[in-house]
Amino acid sequence: MASFVQFLQYSGVFAAQNFLVVPEGGFNLVCLRDAQGVHLAYDKARLQIDDISVEQVERIAQDYVDTRYGKLQSQERDDQLLRLRTALYGTIRPQAGARALKVQAKGTGIPPLTGTRGSTVIKLDVAIMPRKSYSLAFKFLRHFDQAGKVVDATKFKPDDAPWFLTRLNWIFGAQTNIFFTPAGADWIMVEKALGPKIMRDVFRQDIVPLKQDGADLTCFLVGDYDAMASEAAGQFLPDEQVCVVVDRGNPGVFDYGEAFIGVMAHEVGHFLHHKRNLGGSGHHNRGGILLSSGLESLELDRQLVSDLNAWT
């Protein structure tokens with residue numbers, strides 16, 4: 001049966017919801033499986049859809065990854081490029097019976113893309129999303145222990161900040177066309193003995209004032225934090241435009257490998273929800289989706305995409 005599917009995880013192709021995110025003025029990629037005899041129809045004034053040839057794979061894959069990761073080199077970036085190149089070459093093979101489609105935005109709105117074969121119709125609503133960008137700073141806590149010795153409260157270091165940004169820009173950039181630029185990453189020193197867990201009042205009184213001037217959002221890495229049961233091992237303070245995350249993350253809510261970056265993405269999600277001036281915290285009951293009140297992942301869905309950004 002013909003179907004639209006994603007090439008890469010968390011890439012803005014929400015096939016189960018018949019929904020595709022395409023950056024305004026940019027493009028996304030989608031695979032059409034069992035493509036023989038499928039006729040595509042769409043608004044040519046707002047979309048341009050091209051089949052990718054073997055000769056175009058390297059250039060298009062590189063452009064795709066550059067747009068979502070930037071030029072900063074990382075192992076994850078290289079891995080995603082390899083995955084995409086492999087998937088595109090595999091799709092284009094004649095025996096695969098599939099098509100690799102480059103979907104470019106020329107207009108605005110949410111025009112449909114339909115595929116028809118006989119009486120069977122498949123569809124994607126193509127949301128053309130404006131690009132948004134916010135500056136994000138990271139602060140890494142040091143303080144005194146009970147003996148008066150300076151200790152690092154977190155196992156993370158400023159050198160980890162590029163990796164944080166790389167992950168966040170894939171999670172939100174690829175799925176909502178929202179990106180983050182670096183606004184600084186450095187150690188901060190609180191000249192007090194704070195103990196192994198940072199309490200909420202201490203955070204507000206002694207740590208929040210050390211946020212980065214001029215940054216849209218400052219994220220504090222403090223090791224351990226007195227998060228409430230309703231919070232994903234962190235907290236976003238809308239009145240201060242700061243968030244805090246714990247080193248351990250929340251393996252009870254996210255898959256273990258995503259427990260830390262999942263908490264960071266959760267708190268950044270609260271920030272983005274707040275920037276849209278929407279009521280409430282942004283929590284919902286759709287399990288397996290970021291900002292869920294239950295189990296979460298790094299995946300967004302159609303409703304959350306529209307909550308964090310809006311097609312033009």
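Q241 sits in the loop that joins β14 (234-237) to β15 (242-245). The model is a predicted one, and in it the phi of Q241 is near 55 degrees, a positive value in a residue that is not glycine. Q241 has a relative accessible area of 18%; the limit for a buried residue is under 20%, so Q241 counts as buried.

A second residue with a positive phi is N277, at about 60 degrees, and N277 is not a glycine either. N277 belongs to the loop between α5 (259-275) and α6 (302-308). With a relative accessibility of 70%, N277 is exposed, whereas Q241 is buried.

Along the principal axes, the C-alpha atoms fill a box of roughly 75 × 40 × 35 Å. Contacts can also be sorted by separation in sequence: among those between residues at least 6 apart, 70% join residues at least 24 apart.

Burial and surface come next. Of the 312 residues, 52% count as buried. The accessible surface comes to about 13,800 Å², and carbon and sulfur atoms account for 49% of that area. As for charge, the chain carries 33 positive and 36 negative side chains, with the centres of the two sets 6 Å apart.

Which residues touch the most other members of the largest nonpolar core? That core has 80 residues, and the ones in question are F138, F172, F180, F203, I207, L221 and M264. Apart from this core lies another, of 20 residues, which includes F4, V30, L40 and I128.

Leaving aside neighbours within four places in sequence, F138 is in contact with A161, F164, L165, L168, G184, A185, D186, C219, L221 and M264. L221 is placed in strand β13 (residues 217-221). The relative accessible area of L221 is 0%, and L221 is buried. With neighbours within four places again left aside, the contacts of L221 are F138, K139, F140, L141, T154, F156, F164, V245, F260 and M264. By contrast, L221 and L304 are 83 residues apart in sequence and lie 26 Å apart in space, C-alpha to C-alpha.

S11 is found in the loop between β1 (3-5) and β2 (13-14). S11 is buried, at a relative accessible area of 2%. Not counting residues up to four places away in sequence, S11 touches Q6, N28, Y64, W170, A174 and Q175. The C-alpha atoms of S11 and L29 lie 8.5 Å apart, with a separation of 18 residues in sequence.

K155 lies in the loop between β11 (150-152) and α3 (161-176). Is K155 buried or exposed? K155 has a relative accessible area of 57% and is exposed. From K155 to S133 the distance is 28 Å, C-alpha to C-alpha, and the two are 22 residues apart in sequence.

Conventions
Residues are numbered from 1 along each chain as its sequence is written. Side-chain values use heavy atoms; hydrogens and water are left out. Buried means under 20% relative accessible area, exposed over 50%, partly exposed in between (1.4 Å probe, protein chains only). Contact means heavy atoms within 4.5 Å. Accessible areas come from the Shrake-Rupley method with a 1.4 Å probe; for residues, only the protein chains shown count as cover. Lys and Arg count as positive and Asp and Glu as negative; His and the chain ends are not counted. The place of a charge is taken as NZ of Lys, CZ of Arg, CG of Asp or CD of Glu. A nonpolar core is a set of buried Ala, Val, Leu, Ile, Met, Phe, Trp, Tyr and Cys residues joined through side-chain atoms within 4.5 Å. Helices (H or I, at least four residues) and strands (E, at least two) are DSSP runs, numbered from the N terminus.
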